[in-house]
Amino acid sequence: MNQAIGPVAWYQAFRREVRKARWADPLRASALAGRLGAWTEHLTGAVVATCQKLGWEAVARGYLAEVLPVPKQEYLAIDVTAFPSADRPSWRRPVAAFELENRLDLEAISYSVWKVSVVRCFFGAVFCYRRQPEEIKDLLVGLTHGVMAELYPPAEQQEEKILLVVGTRSGAEDFPDGFFKPYLWDSAFGQFRPLW
C-alpha cells in the first residue's frame with residue numbers, strides 16, 4: 001500500500017498502462033471517431049488498472065470493490081475512487097478521486113474539477129476532452145478563474161494536488177503522448193502548469 005503516491009507519479013504509471021494495446025487501441029479509435037461515451041468507458045478501465053498497479057483498490061462503474069462496509073460501484077457520484085488496500089472493508093478515506101468528463105462544455109468540466117477538489121483525499125484528477133489542442137488554453141483560463149480562484153484564493157496558499165488531463169482528438173494519432181496533455185494546479189502561481 002502506498003498512499004503517498006502523488007499526481008505526478010500516478011500519471012507516469014498511467015502513461016505506462018495506457019500504452020498497452022488493451023487500452024490504447026480502443027481509446028485512440030474512440031477519440032478519432034468522437035465517440036466520447038466509449039472513450040469514457042475505456043478510460044475508466046485504464047484509470048482503475050493504473051490504481052491497481054500502484055497497490056490501491058479502485059471503485060468505478062463496472063468495477064465493484066468491497067472497500068467500504070457498503071459495497072458500491074461508485075462512491076459520492078465520483079467516476080473512480082481509489083482507496084489504500086486493506087484486509088477487509090472499513091470506513092477509510094480515499095487516496096484519490098478521478099472524474100472522467102466526456103462533455104465538452106466548460107460548466108460540466110468545471111463541476112468535475114470542483115468535485116475532486118472538495119473530496120478529502122491525497123489528490124484529485126479530472127480527465128476531459130477537447131477537439132483541438134488550441135482549445136486547451138481557454139479551458140485552463142476558464143477553470144482557473146471560474147473554479148480554482150474561488151476555491152483557493154491567493155491568500156490561502158494551500159498545496160492542492162489537482163491533476164487535469166486533457167485529451168485532444170487531433171493528437172490521437174500520436175497516442176498517448178500526443179493525445180493526453182497533463183497539467184498540475186500550482187497554488188503558488190494560481191494556475192495550471194504543464195506537467196512537462
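Because the model is predicted, local features need pLDDT of at least 70 and side-chain atom pairs count only at pLDDT 80 or more, while totals for chains, interfaces and linings use all residues. Residues are numbered from 1 along each chain as its sequence is written, and side-chain values use heavy atoms, with hydrogens and water left out.

Two strands count as paired if DSSP finds at least two bridges between them. For W56, the bridge partner in β2 is P84.

Next comes the core. In soluble globular proteins, nonpolar side chains tend to be buried together. A nonpolar core is taken here as a set of buried Ala, Val, Leu, Ile, Met, Phe, Trp, Tyr and Cys residues joined through side-chain atoms within 4.5 Å. The largest one holds 38 residues, and the members that touch the most others are W10, F14, W39, F98, F127 and F180. At least two core residues come from each of α1 (7-18), α2 (21-33), α3 (36-53), β1, β2, β3 (96-100), β4 (123-130) and β5 (162-168). Helix α3 gives the largest share, with eight residues. Apart from this core lies another, of 21 residues, including V126, L140, M148 and Y183.

What does W10 touch, not counting residues up to four places away in sequence? The list runs I5, V47, T50, C51, L54, W56, F98, F123, F127 and L163, with contact meaning heavy atoms within 4.5 Å. W10 itself is buried, at 0% relative accessibility.

Then there are the rings. A pair of aromatic rings is described by the distance of the centres and the angle of the planes. Rings of Phe, Tyr and Trp (its six-membered ring) pair if their centres lie within 6.5 Å; planes under 30 degrees apart count as stacked, over 60 as edge-to-face and the rest as tilted. That rule gives 17 aromatic pairs. The rings of W10 and F98 have centres 4.7 Å apart and planes at 40 degrees, so this pair is tilted. It links distant parts of the chain, as W10 is in helix α1 and F98 is in strand β3, 88 residues apart. F98 is buried too, with a relative accessible area of 0%. F179 and F180 have ring centres 4.6 Å apart and planes at 90 degrees, so theirs is an edge-to-face pair. F179 is buried at 0%, and F180 is buried at 2%. Ring pairs also tie residues into a cluster, among them W10, Y11, F14, W39 and W196.

How many disulfides are there? The count is zero, with a disulfide being a pair of cysteine sulfur atoms within 2.5 Å. The sulfur of C51 is 11 Å from the closest cysteine sulfur, in C121, so it is too far for a bond. C51 is buried at 0% relative accessibility, whereas C121 is partly exposed at 21%.

In helix α2, S30 is buried, with a relative accessible area of 0%. The side chain of S30 reaches the backbone oxygen of P26 at 2.8 Å. Leaving aside neighbours within four places in sequence, S30 is in contact with R35, A38, W39 and H42. A29 lies in helix α2 as well, but A29 counts as partly exposed, at 38%. Over in helix α4 (residues 106-118), K115 is buried at 11%. Beyond its neighbours within four places in sequence, K115 is in contact with L76, A77, I78 and E99.

Technical notes
Helices (H or I, at least four residues) and strands (E, at least two) are DSSP runs, numbered from the N terminus. Buried means under 20% relative accessible area, exposed over 50%, partly exposed in between (1.4 Å probe, protein chains only). A polar contact is a pair of N or O atoms within 3.5 Å; within protein, one must be able to donate a hydrogen and the other to accept it, and residues adjacent in sequence count only if both atoms are side-chain atoms.
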